[in-house]
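Biologist: Before we talk about terms, could you show me the sequence and the structure, please?

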Amino acid sequence: MFDTLASAYAQGRPTYPDALFDGIQELAGRALAGARVADVGAGTGIASRQLQARGAAVTAVELSEPMLRQLVADSPGVGAVRGSANALPLRDGSADFVTFAQAWHWVDPEPAVPEVLRVLKPGGVLACFWNTPVTDTKWRAGYADRIKELIGGEPVYGNDSTAFDQEPHIDLGSHAPRLRTQVLRTSWTRAIPVEQRLVNITSRSYFSTVPAERLAAFLDNERTLLLKHFPDGMVREEYTAWLGVVCKP
């Protein structure tokens with residue numbers, strides 16, 4: 001699904017705020033520095049690089065070959081392997097942390113949870129996090145409806161940044177009764193050029209089948225609307241970063 005979107009994903013998607021990585025350490029009760037981290041569903045390595053910057057030894061796991069190639073090109077020092085959460089290509093007890101950045105909603109928890117627990121060391125930590133956009137701002141008015149019209153009325157999840165219409169959560173399936181999730185939320189804002197905002201828009205999976213001419217017309221209209229709200233050409237995207245942490249029993 002994301003095979004044709006790697007470049008747009010790398011250029012347009014937001015990073016994660018420092019407070020989120022502080023929160024991982026706080027809720028986990030252990031430091032990222034010196035830890036071995038498996039970042040699963042790593043995409044183009046946005047979170048992988050931030051985890052590495054915190055001093056972690058990171059192995060990125062990604063199923064899409066184009067995304068993995070982009071990750072390798074952009075992420076010197078980050079290990080990379082092709083694979084999925086259902087069958088992690090990692091040794092038993094090899095990770096202090098397993099992270100899913102903007103990715104757990106693609107996971108079937110029934111096979112994935114045992115795989116995560118297998119790979120984690122005793123006392124290891126699963127951390128899942130998402131950037132969710134603040135959607136009730138004036139400049140976003142009507143955006144979701146325009147997207148739905150563009151792609152033929154199919155559902156649009158989260159108004160462009162996550163697969164949840166409401167607050168994110170970690171679905172642990174039948175494994176939930178024996179696992180406890182700790183949650184942290186933090187608000188943050190980034191200012192980006194209008195053209196980067198447009199690239200961010202096109203990084204969504206549901207754009208992969210939109211005909212080029214229709215997409216170009218849609219983006220021209222979005223550019224005009226954005227410049228009315230941001231005449232300086234800098235779009236201020238507001239987010240809530242949601243973090244869930246599960247410690248291995």
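Modeller: Let us start with two rings, F21 and F129, which are both buried. This is a predicted model, in which local features need pLDDT of at least 70 and side-chain atom pairs count only at pLDDT 80 or more, while totals for chains, interfaces and linings use all residues. Residues are numbered from 1 along each chain as its sequence is written, and side-chain values use heavy atoms, with hydrogens and water left out.

Biologist: What makes F100 and W104 count as buried?

Modeller: Buried means under 20% relative accessible area, exposed means over 50%, and partly exposed lies in between, with a 1.4 Å probe and protein chains only. F100 has 1% relative accessibility, so F100 counts as buried, and W104, at 2%, therefore counts as buried too.

Biologist: Why is the pair of F100 and W104 called edge-to-face?

Modeller: Rings of Phe, Tyr and Trp (its six-membered ring) pair if their centres lie within 6.5 Å, and planes under 30 degrees apart count as stacked, over 60 as edge-to-face and the rest as tilted. The ring centres of F100 and W104 are 4.7 Å apart and their planes stand at 90 degrees, so this pair is edge-to-face.

Biologist: How many aromatic pairs does the structure hold?

Modeller: There are 6 aromatic pairs. One of them joins F21 and F129, and this pair is edge-to-face, with 6.0 Å from centre to centre and 75 degrees between the planes. F21 lies in helix α2 (residues 18-28) and F129 in strand β5 (residues 120-133), so the pair ties together parts that are 108 residues apart in sequence. Helices (H or I, at least four residues) and strands (E, at least two) are DSSP runs, numbered from the N terminus.

Biologist: How do you know that the buried residues of α6 line one face of the helix?

Modeller: In helix α6 (residues 143-150), the buried residues are Y143, I147 and L150. Seen down the axis of α6, these buried residues fall within an arc of 60 degrees, so they line one face of the helix; the arc is that of the directions from the helix axis to the C-beta atoms. An α-helix has 3.6 residues a turn, so residues three or four places apart point the same way. On the other side of α6, D145 and E149 are exposed, and the cover over the buried residues of α6 includes α7 (194-202) and α8 (212-229).

Biologist: What makes you say that the charged end of R197 sits over the ring of Y143?

Modeller: A charge sits over a ring if NZ of Lys or CZ of Arg is within 6 Å of the ring centre and within 35 degrees of the ring normal. The charged end of R197 sits over the ring of Y143, 5.4 Å from its centre. R197 is among the buried residues of α7, which also include V194 and L198.

Biologist: How do you know that β1 and β2 pair, and in which sense do they run?

Modeller: Two strands pair if DSSP finds at least two bridges between them. Strand β1 (residues 36-40) and strand β2 (residues 57-62) are joined by 5 bridges and run parallel. The chain passes from β1 through helix α3 (residues 46-53) to β2 in a right-handed β-α-β crossover, a name used if, with the strands pointing away from the viewer, the path from the first strand over the helix to the second runs clockwise.

Notes
Contact = heavy atoms within 4.5 Å.
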